[in-house]
Amino acid sequence: MSHTNGQHDEQLSNGPSSNYQYQPVSEPGSLPVASTSPPISDFLVQLEDYTPTIPDSVTAHYLATAGLETTDPRILRLVSLAAQKFVSDVASDALTNCKMRQANATVTTTKKGGKEKKYVMTTEDLSLALGEHGVNVRKPPYYQ
């Protein structure tokens, strides 16, 4: 291997090497390979007009508590949007856990008329859903 101006004659690799370049085969009716997603700048512009469920003042307070102070409303709304998504995912998972638990408990009961069934979500459902997202929730020792 010769070193000339930072250029290497040989190619170093951890795996098998080949001079083969991948070229996708285009079939009739196939989708193009190039990405057609809008650029990030469009997303940032949309964030300026977005009104999140969690108010900017609440997000700013918790970011300041964590040591991040910003005046850019797009950052606040981006964090609010991420928090809203997290809460929505946890609530959806908890509802799924609740439905499964109540379906297992009420196998022998019959359905009455055309009424919708009401679900009662418990702390157990919520703690299972949070556990799936990496948050450990336990009851204090004096409640056990």
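In this predicted model, Phe-86, Val-90, Asp-93, Ala-94, Asn-97, Cys-98 and Arg-101 of helix α3 meet Asp-125, Leu-126, Leu-128, Ala-129, Leu-130 and Glu-132 of helix α4, where contact means heavy atoms within 4.5 Å. By class, this contact of α3 with α4 brings together eight nonpolar, one polar and four charged residues; Ala, Val, Leu, Ile, Met, Phe, Trp, Tyr, Cys and Pro count as nonpolar, Asp, Glu, Lys and Arg as charged, and the others, Gly among them, as polar. Residues are numbered from 1 along each chain as its sequence is written. Local features need pLDDT of at least 70, side-chain atom pairs count only at pLDDT 80 or more, and totals for chains, interfaces and linings use all residues, while side-chain values use heavy atoms, with hydrogens and water left out.

Two packed helices are described by the angle between their axes and the distance between the axes. Helix α3 spans residues 73-105, and α4 spans residues 123-132; helices (H or I, at least four residues) are DSSP runs numbered from the N terminus. The two pack at an angle of about 130°, with their axes 8 Å apart, which makes α3 oblique to α4. Here the axes are lines fitted to C-alpha atoms, for helices over the stretch in contact, and angles run from 0 to 180 degrees between N-to-C directions. Angles under 35 degrees count as roughly parallel, over 145 as roughly antiparallel, 65 to 115 as roughly perpendicular and the rest as oblique. The crossing of α3 past α4 is right-handed, a label given if the near helix is turned clockwise from the far one by less than a right angle.

A closer look at α4 comes next. Asp-125, Ala-129 and Leu-130 are buried in this helix, buried meaning under 20% relative accessible area, exposed over 50% and partly exposed in between (1.4 Å probe, protein chains only). Seen down the axis of α4, these buried residues fall within an arc of 130°, so they line one face of the helix; the arc is that of the directions from the helix axis to the C-beta atoms. The buried residues pack against α3, whereas Thr-123, Glu-124 and Leu-128 are exposed on the other side of α4. Asp-125 has a relative accessibility of 2% and therefore counts as buried. Leaving aside neighbours within four places in sequence, Asp-125 is in contact with Ala-94, Asn-97, Cys-98, Arg-101 and Val-120. Just after α4, Gly-134 takes a positive phi of about 90°.

Helix α3 also holds Gln-102, which counts as buried because its relative accessibility is 12%. Beyond its neighbours within four places in sequence, Gln-102 is in contact with Lys-117, Lys-118, Tyr-119 and Val-120.

Another partner of α3 is helix α2 (residues 56-65), packed at an angle of about 90° with the axes 9 Å apart. The two helices are therefore roughly perpendicular to each other. In this contact, Asp-56, Thr-59, Ala-60 and Leu-63 of α2 meet Leu-76, Arg-77, Val-79 and Ser-80 of α3, giving four nonpolar, two polar and two charged residues. Leu-63, in α2, counts as buried because its relative accessibility is 12%. Not counting residues up to four places away in sequence, Leu-63 touches Leu-68, Leu-76 and Val-79. The C-alpha atoms of Leu-63 and Leu-76 are separated by 8.5 Å, with the two residues 13 apart along the chain.
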